[in-house]
Every structure is written in structure tokens, then in C-alpha cells.
Amino acid sequence: MSNSDVYPHNHDEIDFELLGHEKRKEWVLQTNIYGNGSVKLGREEKFYLWFDPTQDFHQYSILWNTHHIVYLVDNIPVREVIHNQASSVVYPSKPMSLYVTIWDGSEWATHGGKYPVNYKYAPFVASLGELEIEGCSLMQTTNSSSIGSCSKNIAHSSFDPLEGDEYIKLTKQQMVGLNWARTKHMFYSYCKDTSRYKVVPPECNA
């Protein structure tokens, strides 16, 4: 999800990324977030997937509201970014579009660029089995202003379905899934990368 086409200097972004793959090893899923143009500080977290994403369709979901951002894989939460005072400056706040791309990340994606893309395996294909979007739609008017289908000035539960009580925090079952994913499958978090960030980003200690 991104709005860099509308806000090139202070864009927001919420990403799912499948990184370069080595044969006979698990696929790596990366999540990342940028808010208000905070591109100088990458907030990546990486996971080894517990399945081969090329063999069947799987669900990759993003819940984004004023309370938190939750990344889910097959309805299992793998990451939660809570909207609080420490994260508010970099928390995505503007309308975004959804898109899917394939791009060459040879310089960094697979072991820091150790293994570049091998184009003898081209063409590369990304397929979507289904797509579901809920929330407030936004229409662009002729004078470049935007009109939303729900207003922040009116009770959330009446207009934005993702601001309801059931989306404010994770359930106990979801917390179990989140802890499982992060304990068993996460192998990198920017919050623990002291060689990259001498000063830990404030939201890591919140």
C-alpha cells in the first residue's frame, strides 16, 4: 500500500514483500512501514514462511486503522504496529492505493545482495487468487481534492467498518498466533539491529 504518487515527499507505505529465494531453503517474508516520508529509517521485520508460497494461494492481509496496523498470513498475525505517542509521527495517516509489483532487489534482497536475480528463470509471474478490500473509499475530484466515503468527525462504528470494537485490539487467540509467529519464524527486527541503528527508534521501547 502506498500513496507516493500523490505525496512524493511525505508518502506513507505498508508493505508485504517476498524476498529473493535460495533453493532448498525457506521463503522469506518481509514487512515494512513508512509514515509521512520517513524513508531514512527502514522498519523491516523478516520471517521464514512455514510454507512454499509458489505452490498454492495464501492469504496476506493488512488491517490498518487508527489503533494499530496488523499484518496477517492465513489469518495468523505476524506483526502488530500499535499507534501510540512514540509511533504517531511515523504512523501512516493518509489514504493509500493497493498495488502488486515484481521488481529487482538484487542489491539487497537475498543475503544483502549476495545472490542477484537469475534472469534465465524469467518470465516472473505474480498471481492473485482473490482480492477483498474493506474500509473508506476515496474519490479524487477534478480540483485535486479528495472526498471520502466516511468521515472522521462522525462516530467510527457507523461509517468505517475497520474502526469497530472488534478491530481495536487482538483477541487472545490472535495473540497466541502472533507470539507463535514471532517466536518460531521471525529472524530479523529493526528494533534489535544495533549495528544499523546506534539509537533504538522510540517506538521500539514504547
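Quick housekeeping. This is a predicted model, where local features need pLDDT of at least 70, side-chain atom pairs count only at pLDDT 80 or more, and totals for chains, interfaces and linings use all residues. Residues are numbered from 1 along each chain as its sequence is written, and side-chain values use heavy atoms, with hydrogens and water left out.

Now, the aromatic rings. How many aromatic pairs does a search of the whole structure find? It finds 7. To pair, the ring centres of Phe, Tyr or Trp (its six-membered ring) have to lie within 6.5 Å; planes under 30 degrees apart are stacked, over 60 edge-to-face, and the rest tilted.

One of them joins Trp50 to Trp180: edge-to-face, 5.0 Å centre to centre, with 70 degrees between the planes. Trp50 sits in the loop between strand S3 (45-48) and strand S4 (60-64), while Trp180 is in helix H2 (residues 172-184), so this pair ties together parts that are 130 residues apart in sequence.

Another edge-to-face pair is Tyr119 with Phe124, at 6.0 Å centre to centre and 65 degrees between the planes. Phe124 is partly exposed too, at 38%. Then there's an aromatic cluster made of Phe16, Tyr60 and Tyr71.

Some rings have a lysine over the face. Lys46 lies over Tyr188, 5.3 Å from the ring centre, and Lys94 lies over Tyr7, at 5.2 Å. The rule is that NZ of Lys or CZ of Arg must be within 6 Å of the ring centre and within 35 degrees of the ring normal.

On to the sheets. Strands of a sheet pair through backbone hydrogen bonds, parallel or antiparallel. We call two strands paired if DSSP finds at least two bridges between them.

Strand S5 (residues 68-73) pairs with S6 over 6 bridges.

S3 and S9 pair over 3 bridges, and Glu45 has Ser189 in S9 as its bridge partner.

Last stop: which cysteines form a disulfide? Cys191 and Cys204, with their sulfur atoms 2.0 Å apart; the cut-off for a disulfide is within 2.5 Å. The torsion about the S-S bond is about -80 degrees, so the disulfide is left-handed. Both cysteines lie in the segment after strand S9 (186-189), so the pair ties together parts that are 13 residues apart in sequence. Cys191 is partly exposed at 23%, and Cys204 is partly exposed at 21%.

Conventions
Helix = DSSP H or I, 4+ residues; strand = E, 2+ residues; numbered from the N terminus. Buried < 20%, exposed > 50% of the residue type's maximum accessible area, 1.4 Å probe, protein only.
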